[in-house]
Amino acid sequence: DAILTDATVVRVPCIEGTRVKILKQLYEWAEDSSPTSPQVFWINGPAGSGKSTIACSVAEHFDDNNKGLNILQASFFCSRQFEDTRSRANIIPTLVYQLAHHSKSFLQSLCAVNKLDSVNKLGKQMNDLLVEPWQLSTSTESRTLPPYLVVIDALDEIDGHGGSEFLQELLLTIEKGALHGLKFLVTSRPDPNIVQLCKSLSSDAVCHLYDVDTDEVNEDILIYLKDKLPALENEIELVSLMQQANGLFIYASTAVKYISPRRDLTIKNQKNRMKQLLDSSLSQQPHHPVKATLQIDMLYSQILYEAFAKLEKDEIQARLVILWNFLCAEERISPIIAARLAGSDNEDDQKDMEECAEYLIDSLHAVLYAKEGKLTGHKEGVNSVAFSSDGTHIVSGSWDKTICVWDSSTGAELLQLTGHTDCVNSVAFSPDGTHIVSGSMDETICVWDSSTGAELLQLTGHTGGVNSVAFSPDGTHIVSGSMDNTICVWDSSTGAKLLQLTGHKEGVNSVAFSPDGTHIVSGSRDKTICVWDSSTGADLLQFIGHTGGVNSVAFSPDGIHIVSGSWDNTICVWNSSTGAELLQLTAHTGTVNSVALTPDALHTGSGETMVHICNVPLNAEHLPTVLIDPHNASPLAKQDMSTEILATQLLNSHWYFTSSTPPP
C-alpha cells in the first residue's frame, strides 16, 4: 500500500503482527556486524506482493526516531510515478546527502574529497561521492557499532536498465571491499537483469516473496483486512475475501478502499460491497493458471461498473473522455485540468465537466489517483508566475498587490510578500534561487529574499507601471520594461540604475536577457521588437513585422533565435543577429500571450485557450504544428501519441499558470 502525494510516493509500513518472520530475519541481518554477514539483501516478488511495505517497515524500525541506536542512514524509494524517483542519476546523490546528514565524519570527508560536482556518470558518481568519502571517514576509526543501513526500494522502477546498472556497479564496488560498514537492503520485481545479478548472492541474503508459505501470507492478509475493516472483523466473509486475494496485498488494499471509502458508509453498506466482490469471484475456478491476475481484473471491473452503471450513454462518454485524459497524461493531473481538456466553449458545460471529473475521482478513488491542481491564496487574479531554477518553488504575482511563494510539490503557500501598492505584473527568481524580483504598476521594482520574504531592495526610476522584469543569467543584473516606454538595467545587489534604454514609442510589455547575458530583447505595444547591448545600452536591431502590440519575447537556449507573440494572433521567429524574420506562424485565432523556446520545440500560449507546439528545427521552411483544443481533448493537427501527450502536459501548465498582459 502507498499514499501518493504531489511530491513523491510515501510508503507505509506493515500492519503490526504481519510479515513477522521476514521482518525478524531482516532486523537480525541489519544488526549483524560479523564479516560473514552479506552486505546486500535482496527481496523480490511480483507487483502487489508487499515488497515496498516491508522495506518501509525496516526503515521505520531502524529510524532514529524509533530506536536509540540509529542504524538507518539512507533510503531511496524508486517510483516510475515521478521523474525524480525514476532517475538513476538521483540515487547516489540522495543517499550521500542522507549519509552526510547522519554522519559528521562522512560529511567532513565528503567536503575534504571535494568532488560534489561529479559528473552524471554512474561509476564516477559512485567513486567520487560515496566510495572515496566513505573510505576516508572510516580510515581513522574502528567501528564497533552495527553496520549502517541503506534501503533502496523498487529498483526495477528506474528508467530503462538504470536499476540493474546501478545494482551491478554497487555489487562490483562491494566486491572490491570499498564499502565495509554499509549494508544495502534492495527490493525489486523479478526483472531478468536484476535476477541474473542477484544469483551471486548467498541464499540467506535473498527472499522470494512468492516462495513464502501460503498459509503465512493468507494469515497476514486476514490480519490486514480486520485492521482496515474493523466493522467487519467478525464477518465470515472476510475469510472468503482473504482467499480471493490469492496472496496479493494489492488486491486486499484495493478491496479495502472499495468496501470502505468513506466514513458515511454504514456497516450494511460495507457488507453489501463485500458481497458484490465475492459474488464476482472466480473461486469456482480454483485451478485457473492466472487466477490472481484475473481476480484483480474482476475487482477493477466491479469498481468501474459501479462508477458507470447508472449513467446514460452520453454521460458515460463524457466521463470516458475525462478518464482518458487522466490515464494518458505523463504525470498526474488534477480533475479540473482533465475536465477542461474534455470540455466545451460553453461556460456552463465546462462547470458540468468539472463536476463530472470530481465525481469520477470520488467513485474511482480506489484505483485512480489525481493531483490537486490549484494553488489558492491570492484574493485576485494572477498576472505572472515563475519556477525556481531547481523546480522546488513557484513564485506568483497578483492583482491583489502581493507575491506568494509556493512549494511546487505540495502546493503549500510558504511566504506572502507584501510591499507593492498596486498590482504585481511580473515576477522572477534569480538563477541561484535566493532572490525574487517583482515589477508592479506602482512603478517600482522590488528584490526579495526568497527564503525569508524580506524586502531587500526597492528600485525606483520608472515613471510608469513595470510590466516585465528578469534577472541576467549570472544574477548580477536586473532588466525591467515599463509603461513609460523605457527599459532599465539595474545592479541586483545595490539597486543602482546602470542604464536606461530608450527607443520604443509605447509601453514595453516584455524583456529578456540572452543566454550569455550580452544582449537584451524587448517587445512593445508599438508593435516592434528591439535588441540592445546589455553593457552599453546601444540599440542594435529593430524587428518590424507584427501588426499588433508585442506581448512576449524570448531567446532560444542557444541565443540564435528570438521568438515573439503578439496581439495580431501571430508568432514570429527571428534571427537574433540580423533581425531577419524567419517564420511567421498564424495558427492561433486569438492573442498570443506567452512564448517560449526549448532546444527542440517552440511552445506558445494563446488567448483562445490553445497551446501550439512546433517540434522541428527552427530553420525549417515549414513548421508543422500540434494544436490541442482543451474542449475536445484532441489534436487538430495529426501527430504521434508522444507529441499529443507532450501537448497535453503543456496545456496543463497553461491552465495552472496563465499570464495576462495589458492590451496594446
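Two strands pair if DSSP finds at least two bridges between them. In this predicted model, strand β24 (residues 550-555) and β25 meet that condition, pairing in the antiparallel sense over five bridges.

- Strand β25 spans residues 561-566, and six of its six residues are buried, so the strand is largely enclosed by the rest of the structure.
- In a regular strand the side chains alternate between the two faces of the sheet.
- In β25, His561, Val563 and Gly565 point one way, while Ile562, Ser564 and Ser566 point the other way; all are buried.
- A hairpin is formed by β24 and β25, with five residues between them, and glycine 559 in its turn has a positive phi of about 80 degrees.
- Strand β26 (residues 571-575) also pairs with β25, in the antiparallel sense and over five bridges.
- Serine 564 has cysteine 572 in β26 as its bridge partner.
- The hairpin of β25 and β26 has four residues between the strands, and asparagine 569 there takes a positive phi near 75 degrees.

**The sheet β12-β13-β14-β15**

- Four strands make up an open sheet in the order β12-β13-β14-β15, with antiparallel pairing.
- The edges are β12 (424-429) and β15 (455-460); each has a single partner strand, so one side of each is left without a neighbour in the sheet.
- On average, neighbouring strands of this sheet are turned by 20 degrees against each other, direction ignored.
- Between the antiparallel strands β12 and β13 there are five bridges.

**Serine 438**

- Strand β13 (residues 435-440) contains serine 438, which is the bridge partner of valine 427.
- Serine 438 is buried because its relative accessible area is 0%, and buried means under 20%.
- Ten residues along the chain separate serine 438 from alanine 428, yet their C-alpha atoms are 6.7 Å apart.
- Leaving aside residues up to four places away in sequence, serine 438 touches several residues, among them Ile403, Val424, Cys446, Trp448 and Val469.
- The side chains of serine 438 and histidine 420 are joined by a polar contact of 2.7 Å.

**Cysteines**

- A disulfide is a covalent bond between the sulfur atoms of two cysteines.
- Zero disulfides are found in a search of the whole structure.
- Cysteine 530 is buried, with a relative accessible area of 0%.
- Cysteine 572 is likewise buried, with a relative accessible area of 0%.

Conventions
Residues numbered from 1 in each chain as written. Predicted model: local features only at pLDDT ≥ 70, side-chain atom pairs only at ≥ 80, totals over all residues. Heavy atoms only, no water. Disulfide = S-S within 2.5 Å. Buried < 20%, exposed > 50% of the residue type's maximum accessible area, 1.4 Å probe, protein only. Helix = DSSP H or I, 4+ residues; strand = E, 2+ residues; numbered from the N terminus. Contact = heavy atoms within 4.5 Å. Polar contact = N/O pair within 3.5 Å; in protein donor to acceptor, adjacent residues only side chain to side chain. Axes fitted to C-alpha atoms, helices over the stretch in contact; angles between N-to-C directions.
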